[in-house]
Amino acid sequence: MALDFTEYFQKYEAIVAEVDAVFKKFETEMPDLVKCGKGCSDCCYALFDVTLVEGMYLNAKFNEKFSGLERSEILARADKADRLIHKLKRKVYKASQEGRPVNEILMEVSKARVRCPMLGDDDLCSIYENRPITCRLYGVPTSIGGEAHTCNKAGFKGGEKYPTVNMDIILDRLLGIGKELQKGIGSRFKELGEMLLPVSMAIVTDYDEGYLGVGEVKSVLNPPEAKKKAFEETYAAAPQSEACKSCSEKSESACKSCGESIVLGGGEE
């Protein structure tokens, strides 16, 4: 059975249209402050994640548009970016375990620069029309968790008051679509809709029924072995915290007693 994501993609495109209209308003009313232009790739090195629906949408457009050598080159850049991001996240996790202040860790992350795999050698986005929402708003003032942010190349000055885009509201709407998608396709992964992942991973992921947790887990093993096999498969595919990933137990009873919020599916509601 082929999964149809049209409904969820249309809802995402509606948010994109609203975001583009907001950015256009900034450009029209504050042309001297918005410095975005063709060839500027500062935002293409920013470290950020996309939501489930954004990742799936980007993946679909990537698969429609690219083939051959160009596709291979992008996938090679995605692999390189993934390795750098993985190292950075491991470093952040280690710092948090060592008790370093959250603000210090976040400041370190904010300085990290990882090239987006969709950035071509000509410093142009190769999937510009379908770029994520973070990219679409990068050059104007935004707020995340009450903290203001803007592009270093923009003309907006610290301490001044400007109209600001509340990214928390946008994120909530995107996560809402993800939750609708999880329920709509009948995924057994209860936290699927809350998944966040980098662009580099989004474009290489195969969003098939197995990944999305749709349908029954079939096995020719006897019941105890089949149950263990099903648990291992769902554990591997489900969204996990760093604590889950580093756990050596990986048994159903251990996970239930751990206290982590991950829901592996196939069990109780």
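This is a predicted model: local features need pLDDT of at least 70, side-chain atom pairs count only at pLDDT 80 or more; totals for chains, interfaces and linings use all residues.

Reader: Why is Ser143 called buried?
Author: Buried means under 20% relative accessible area, exposed over 50%, and partly exposed in between (1.4 Å probe, protein chains only). Ser143 has 14%, so it is buried. Ser143 sits in strand S2, residues 142–144; a strand is a DSSP run of E with at least two residues, a helix one of H or I with at least four, numbered from the N terminus.

Reader: And what makes Ala60 partly exposed?
Author: Ala60 has a relative accessibility of 23%, so it counts as partly exposed. Ala60 belongs to helix H2, and its C-alpha is 8.1 Å from that of Ile203, although 143 residues separate Ala60 and Ile203 in sequence.

Reader: Why are H2 and H6 called roughly perpendicular?
Author: Their axes cross at roughly 80 degrees and come within 7 Å. Axes are lines fitted to C-alpha atoms, for helices over the stretch in contact, with angles from 0 to 180 degrees between N-to-C directions. Under 35 degrees counts as roughly parallel, over 145 as roughly antiparallel, 65 to 115 as roughly perpendicular and the rest as oblique. H2 and H6 are therefore roughly perpendicular.

Reader: Which residues meet there, in H2 and in H6?
Author: From H2 come Leu52, Val53, Glu54 and Met56, and from H6 come Leu174, Ile177, Gly178 and Leu181.

Reader: What is the largest nonpolar core, and which residues have the most contacts inside it?
Author: It has 47 residues, and Ile133 and Ile170 have the most contacts inside it. Such a core is a set of buried Ala, Val, Leu, Ile, Met, Phe, Trp, Tyr and Cys residues joined through side-chain atoms within 4.5 Å. H1 gives the most to this core, with eight residues.

Reader: Which residues does Ile133 contact, leaving aside neighbours within four places in sequence?
Author: Ile133 is in contact with Tyr12, Ile15, Val16, Val19, Glu54, Ile170 and Leu174, with those neighbours left aside.

Terms used:
Residues are numbered from 1 along each chain as its sequence is written. Side-chain values use heavy atoms; hydrogens and water are left out. Contact means heavy atoms within 4.5 Å.
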